[in-house]
Amino acid sequence: MVYALCIVAQPYRAFTPGEIWKDNKGIHINAHGGGILLENHTYYWFGEHKTEGREGNKANVGVHVYSSTDLYNWKDEGIALKVEPEGSDSPIEKGCILERPKVIYNAKTRKYVMWFHLEPKGKGYAGAMIGIASADHVTGPYRFIRMTRGNPQTWPVNVLELHKKSLTAEQREERSNLKSNEHPDSVNTLGRDFEKGQHSRDMTLFVDDDGKAYQIRSAESNSVIHISELTDDFLDFSGKYVRAFVGRRMEAPAIFKKDGLYYFMGSGCTGWRPNEARSAVAPSIWGPWTELGNPCVDEGKELTYRSQSTYILPVAGKKDAFIYMGDRWTSDNAIDGRYIWLPIEFEDNRFIIHWYDEWKLSRF
Ligand code: GAL
């Protein structure tokens, strides 16, 4: 009987993007909008635990973590960060929106640090906040530390004079939403959010070779990407940040580094519905960023093979091996969301993503 269960669930020997992907217990992996941390030859996959139906898009459980040594077969390690009970009045109360969790390890403090997009319960996506949590052990339990906006009362490195003109409270209110035909600088979305801190919706974390960490967020009503350096303990902003892709309206940011160059991947803004991916390259994390177009090249490329980026994973021990991790959202029944993992390939100074029904790490 036990033997039969093993055959049904694992082991996997290849990736089959878009198919049900079972963990060691035979249950479809529940780690959406996720990211991966590698430690001691083990990968830890953190993501949003979704539940059934439309309500299942909200955080009813918390952040789920799985471990793997081969990237195909994943062991359920439980809930790394639990939401707080209903009525607790915590920023991470059950029913809040908690998306795109990412975990990084801080060697100085020996803490695991988790950042995520956080929308307090009952306010839709208006909050545009960040949640920060930390733990002593990789799989948790993570303790919620605080909720913040991006870089409060701080101007980015590339601030313009026009941003610094002060806005009245009425003007701020009136400009709280950016219309799709407006440019963020005409509305001064940056100045609008200066006091409270910058919007932070879709986000990721990136740790560079020198140990410095960065938060990359969709800011200014999703019209600009902000790249912010973190403090040495990874628990706050250092104060240095830059605006990139001004007015390009990107979400779902992911970053990786190869041969000293920084590569960016993101999406357009169409909610749970897929759209065409974007890519870019820069000689420094601070830019200048040059767009490289849609990295997807096969049939289905206009909709990123019906997925949206969440992370780009360097494969340990293999040179120039990176995996695109995307979500195929199923917003009417959130728990059924699928994972689209595909190899990143390089061609003519850019990266491209082919579709494969099935593929193996030996491709690298
Ligand atoms: C997407 C975003 C997701 C989620 C969704 C809600 O654009 O990437 O993380 O926020 O919108 O509609």
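How many nonpolar, polar and charged residues does the lining of the second largest pocket have? Keep that in mind as we walk through this predicted model; we will come to it at the last stop.

**Stop one: the ligand.** Select the ligand together with the residues around it: Glu99, Arg100, Tyr125, Asp202, Glu251, Gly271, Trp272 and Gln308. By class, this shell has two nonpolar, two polar and four charged residues. Now zoom in on the ligand's oxygen atoms. A polar side-chain atom of Glu251 sits 2.4 Å from one oxygen atom of the ligand. Gln308 also brings a polar side-chain atom, 3.0 Å from a ligand oxygen. At Gly271, look at the backbone instead: a polar atom there is 3.2 Å from an oxygen atom of the ligand. Taken alone, the ligand exposes 310 Å², and the protein buries 90% of that.

**Stop two: the largest pocket.** Here you will find about 550 Å³ of space. To centre your view, pick Phe206, Val207, Asp209, Tyr311 and Pro314, the closest to the pocket's centre of the 23 residues that line it. Next, colour strands S1 (32–39), S5 (97–106), S9 (203–207), S13 (251–258) and S17 (308–314), each of which gives two or more residues to the lining. Sorted by class, that lining holds 16 nonpolar, one polar and six charged residues.

**Stop three: the second largest pocket.** This one has about 310 Å³ of space. Select Arg149, Arg172, Ser176, Asp193 and Lys196, which lie closest to its centre among 13 lining residues. Then highlight helix H3 (residues 169–174), which gives the most to this lining, with three residues. And the opening question? The lining of the second largest pocket has two nonpolar, four polar and seven charged residues.

How values were computed: Residues are numbered from 1 along each chain as its sequence is written. This is a predicted model: local features need pLDDT of at least 70, side-chain atom pairs count only at pLDDT 80 or more; totals for chains, interfaces and linings use all residues. Side-chain values use heavy atoms; hydrogens and water are left out. On a 1 Å grid over the protein atoms alone, a cavity is a set of points where a 1.4 Å probe fits but cannot get out, and a pocket is an open set with protein on both sides within 12 Å along at least five of seven lines; lining residues have an atom within 4 Å of a point. Grid points are joined across faces, edges and corners, and a volume is the space filled by probe spheres set on the points. Helices (H or I, at least four residues) and strands (E, at least two) are DSSP runs, numbered from the N terminus. Ala, Val, Leu, Ile, Met, Phe, Trp, Tyr, Cys and Pro count as nonpolar, Asp, Glu, Lys and Arg as charged, and the others, Gly among them, as polar. A residue is near a molecule or strand if one of its heavy atoms lies within 4 Å of it. A polar contact is a pair of N or O atoms within 3.5 Å; within protein, one must be able to donate a hydrogen and the other to accept it, and residues adjacent in sequence count only if both atoms are side-chain atoms. Accessible areas come from the Shrake-Rupley method with a 1.4 Å probe; for residues, only the protein chains shown count as cover.
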